[in-house]
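Open the structure in your viewer and keep the selection panel ready. This tour moves from stop to stop.

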Amino acid sequence: MNMKKVILIPALVGALGVGAVIGSTTLLTGNAQEKKIVTMQEIEKKALAVVNGTVADIELDQNRYRSVYEVEVHTDTEEYDLKFDAYTGKLLKQKKERRDDDDLDVHVTAATLTTKITKEQAIEKALTKANGTVTKTKLDDGIYEIEIKNGQYEYEVNVDASTGEIVSFEQDKED
């Protein structure tokens with residue numbers, strides 16, 4: 001009987017150790033998968049599912065406590081500011097404002113009269129100048145303003161919405 005206890009205890013300890021290793025590996029891989037940021041394109045689709053309009057601005061705002069996408073969507077008469085969790089894609093906040101005459105004039109001029117290239121084409125052009133992750137795109141007065149980060153540097157590339165040419169490029173060391 002004593003011999004059975006001596007054999008049983010090491011076997012039990014070994015089984016618990018193997019279980020702990022399997023469990024911790026599962027936890028580690030699960031956490032790594034959960035920490036993947038939703039793409040800007042997926043957030044744009046989510047925003048347009050909430051508001052039927054035109055995405056004017058998308059920005060990824062990351063800090064120690066939370067990472068969110070801030071999205072500005074324009075309709076003919078309103079401007080919506082939406083915030084989405086960058087990891088889950090969940091809508092966190094929605095604010096609606098009536099657009100005034102100044103907003104409407106800029107929107108019509110920039111978006112309909114001078115835009116010949118898409119936001120995706122502008123991003124593609126900007127990524128030829130700087131490698132990294134696009135954290136912001138905005139169409140303002142016929143210029144796509146695109147921010148790119150690569151961990152060490154932050155780039156701002158401005159692309160002309162009518163010609164597709166890069167009109168300015170800035171590189172800064174990331175804070």
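In which strand does Glu 72 lie? Select Glu 72: it lies in strand β2. Strands here are DSSP runs (E, at least two residues), numbered from the N terminus.

A word on the model before moving on. It is predicted, so local features need pLDDT of at least 70 and side-chain atom pairs count only at pLDDT 80 or more, while totals for chains, interfaces and linings use all residues. Residues are numbered from 1 along each chain as its sequence is written, and side-chain values use heavy atoms, with hydrogens and water left out.

**Stop 1: Glu 72**

Stay on Glu 72. Is it buried or exposed? Glu 72 is buried (under 20% relative accessible area; exposed is over 50%, partly exposed in between; 1.4 Å probe, protein chains only). Yet Glu 72 has no salt bridge (a side-chain nitrogen of Lys or Arg within 4 Å of a carboxyl oxygen of Asp or Glu). Now select Lys 138. This is the nearest side chain of opposite charge to Glu 72, 5.5 Å away. For charge, Lys and Arg count as positive, Asp and Glu as negative; His and the chain ends are not counted.

Next, show what surrounds Glu 72. Beyond its neighbours within four places in sequence, its contacts include Thr 54, Val 55, Glu 79 and Tyr 80 (contact: heavy atoms within 4.5 Å).

**Stop 2: salt bridges**

How many salt bridges are there? The count comes to 6. Select Glu 70 and Lys 83: their closest N and O atoms are 3.8 Å apart. This pair links distant parts of the chain, from strand β2 (residues 67-74) to strand β3 (residues 78-85), 13 residues apart. Glu 70 is partly exposed at 28% relative accessibility, and Lys 83 is partly exposed at 32%.

Move to Lys 95 and Glu 97, another salt bridge (3.4 Å, N to O). Then take Glu 154 and Lys 149, bridged at 3.6 Å, N to O.

**Stop 3**

Pairing requires at least two DSSP bridges. Pick Val 157; opposite stands Phe 169 in β8. Finish at Gly 164. In this hairpin, with 5 residues between the strands, Gly 164 takes a positive phi near 80°.

Conventions
Helix = DSSP H or I, 4+ residues; strand = E, 2+ residues; numbered from the N terminus.
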